[in-house]
Amino acid sequence: MTSNKPNLTPICVWCQNEFNVNYEQSSDFIITGGSCKSCTNRIFNSNDLPAIRDSIDKIDAPILVLQPEPRQVYTANKKACELFGKELSEVEGFRGGQVFDCIQSFTELGCGKDANCENCKIKGAIVETFTGISFAHMESPLEVKKGEKFFNYVLQISTEKAGDLALIRIDKYQPVM
């Protein structure tokens, strides 16, 4: 008798080999679609910036890669730069709120350090991602400053830990109408 069960063994998005999921790996492959531990470590723990950029450019969504300390954008893919209307040099080394143009990033204390950032769902999700918890479609209102004008936006992200880094997919970044 043949089984009608589908093959649930994941296939690595990078090397195309089957791999087993265990407790050391996230079972929520929200962004990459799943990669084996070997490829995740090879790519995201390598400090090989061109390889990391090449890997995230293959993902068909805006992606920011954040480092844990200081919690800043390590790099971003082309789609993220296009979405925010910024060059890579205006994204790398900056805090997420600076990339999003959040008004809290313009305060004296800045992004993530202002008192208004304490209850930010986006900041909380990113911090938790570094502990290995992934988030899907975490949404929050965001007040954005573009030039001298202020706008209400909605920001929605999904997150996944990759090696020591956090992948942040921008699911939605748009003005509220």
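Biologist: Which residue in β5 is the bridge partner of Tyr-153?

Modeller: Pro-175 is the partner of Tyr-153. This is a predicted model, numbered from 1 along each chain as its sequence is written. Local features need pLDDT of at least 70 and side-chain atom pairs count only at pLDDT 80 or more, while totals for chains, interfaces and linings use all residues; side-chain values use heavy atoms, with hydrogens and water left out.

Biologist: What makes β4 and β5 a pair?

Modeller: Strands pair if DSSP finds at least two bridges between them. β4 and β5 have 10 bridges, so they pair. The two strands run antiparallel. In their hairpin, two residues lie between the strands, and Gly-163 takes a positive phi near 65°.

Biologist: How do you know that β1 also pairs with β5?

Modeller: Four bridges join β1 to β5. The cut-off is at least two, so these strands pair as well. They too are antiparallel.

Biologist: Why is Thr-129 called buried?

Modeller: Buried means under 20% relative accessible area, exposed means over 50%, and partly exposed lies in between (1.4 Å probe, protein chains only). Thr-129 has 0% relative accessibility, so it counts as buried. Its place is in helix α5.

Biologist: What does Thr-129 touch, leaving out residues up to four places away in sequence?

Modeller: Contact means heavy atoms within 4.5 Å. Thr-129 touches Phe-135, Thr-159, Glu-160, Lys-161 and Ala-166. The side chain of Thr-129 also reaches the backbone oxygen of Ile-133 at 3.4 Å.

Biologist: What puts the buried residues of α2 on the same side?

Modeller: Helix α2 covers residues 49-57, and Ile-52, Ser-55 and Ile-56 are buried there. They cover an arc of only 90° around the axis, so they sit on the same side of α2. That arc is taken from the directions from the helix axis to the C-beta atoms. The buried residues of α2 pack against α1, β1, β2 and β5.

Biologist: What makes a group of residues a nonpolar core, and which members of the largest one touch the most others?

Modeller: The group must be buried Ala, Val, Leu, Ile, Met, Phe, Trp, Tyr and Cys residues, joined through side-chain atoms within 4.5 Å. The largest core has 26 residues, and Leu-64, Phe-100, Ile-157, Ile-170 and Tyr-173 touch the most other members. Elements that each supply at least two residues of this core include β1, α5 and β5. A second, separate core has 17 residues, among them Phe-19, Cys-36, Ile-52 and Val-65. In soluble globular proteins, nonpolar side chains tend to be buried together.

Biologist: Which residues does Ile-170 touch, not counting those up to four places away in sequence?

Modeller: Pro-62, Leu-64, Leu-83, Phe-84, Phe-100, Leu-155, Gln-156 and Ile-157.

Biologist: Is Gln-16 buried or exposed, and what is its phi?

Modeller: Gln-16 has a relative accessible area of 52%, so it is exposed. It lies in the segment before α1. Most residues other than glycine have a negative phi, and most peptide bonds are trans.

Biologist: Why is His-137 called partly exposed?

Modeller: The relative accessible area of His-137 is 47%. That falls between 20% and 50%, so His-137 is partly exposed. This residue of strand β3 has a positive phi of about 55°, although it is not a glycine.

Biologist: Which peptide bond is cis?

Modeller: The bond from Glu-69 to Pro-70 is cis, with omega near -10°. Pro-70 is in the loop between β1 and β2.

Biologist: What makes Asn-47 exposed?

Modeller: Its relative accessibility is 64%, so Asn-47 counts as exposed. Asn-47 is in the loop between α1 and α2. Asn-47 and Tyr-74 are 27 residues apart in sequence, and their C-alpha atoms are 10.0 Å apart.

Biologist: How many of the residues count as buried overall?

Modeller: Of the 177 residues, 44% count as buried.

Conventions
Polar contact = N/O pair within 3.5 Å; in protein donor to acceptor, adjacent residues only side chain to side chain.
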